[in-house]
Amino acid sequence: MTESELAYFAGLIDGEGYAAVLTVHRKKPHVATLRVPVLQVRMCDEGPVKAFHEAFGGWFGSYAVTSTNKRIYDCRLSHRVAARAADQLMPYLKNESKKKQ
């Protein structure tokens, strides 16, 4: 992937994305607390979200119609896929709160 593509995708995360490390409590088959990295891009324009999905993988889908009759497109990365993508995008992120996560 080129530097300009990485910068573009980092801009999507900065502007329309979500970056977090979630704490998940499992009870079966063993009791455990897991920390799961998550990256998500969600917007009404399918093209950028689909391009993010094609570049990094993860889950892609659309759902719910907004009050203006537009579909919402969503790409979600988690676990190792999210960690790898975050490592690649980190140098290009401008939003400091998302860098910390």
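**Getting to know this predicted model**

The protein chain has 101 residues, and 31% of them count as buried.

**Overall layout**
- You'll find 4 helices and 4 strands in the protein chain.
- Read from the N terminus, their order is α-β-β-α-β-β-α-α.
- Taken along the principal axes, the box filled by the C-alpha atoms comes to roughly 40 × 35 × 25 Å.
- If you take contacts between residues at least 6 apart in sequence, 56% of them join residues at least 24 apart.

**On the surface**
- The protein chain has an accessible surface of about 6,600 Å², and carbon and sulfur atoms account for 53% of that.
- Back to Leu22: this residue sits in strand S1, and it belongs to a nonpolar patch on the surface along with Tyr18, Val24 and Leu34.
- Together, those patch residues have about 290 Å² of accessible area.
- Strand S1, which covers residues 17-26, gives the most to the patch, with 3 residues.

**Inside the core**
- In soluble globular proteins, nonpolar side chains tend to be buried together.
- Here, the largest nonpolar core has 19 residues.
- The members that touch the most others in this core are Ile13, Leu39, Val41, Phe52, Phe56, Leu77 and Leu89.
- Helices H1 (3-16), H2 (46-56) and H3 (79-89) each give two or more residues to the core, and so do strands S2 (32-43) and S4 (71-78).
- H1 gives the most, with 5 residues.

- The average pLDDT for the protein chain is 90, and 94% of the residues score at least 70.
- Confidence is highest in helix H2, with a mean of 97.
- At the other end is helix H4 (residues 96-100), where confidence is lowest, at a mean of 59.
- Where pLDDT is low, the predicted coordinates should not be read in detail.

Technical notes: Residues numbered from 1 in each chain as written. Predicted model: local features only at pLDDT ≥ 70, side-chain atom pairs only at ≥ 80, totals over all residues. Heavy atoms only, no water. Core = buried A, V, L, I, M, F, W, Y, C linked by side-chain atoms within 4.5 Å. Buried < 20%, exposed > 50% of the residue type's maximum accessible area, 1.4 Å probe, protein only. Patch = residues over 30% accessible without salt bridge, like charges linked within 9 Å, V, L, I, M, F, W, Y side chains within 5 Å. Areas by Shrake-Rupley, 256 points an atom, 1.4 Å probe, with all protein chains shown as cover. Salt bridge = Lys/Arg side-chain N within 4 Å of Asp/Glu carboxyl O. pLDDT = per-residue confidence, 0-100. Contact = heavy atoms within 4.5 Å.
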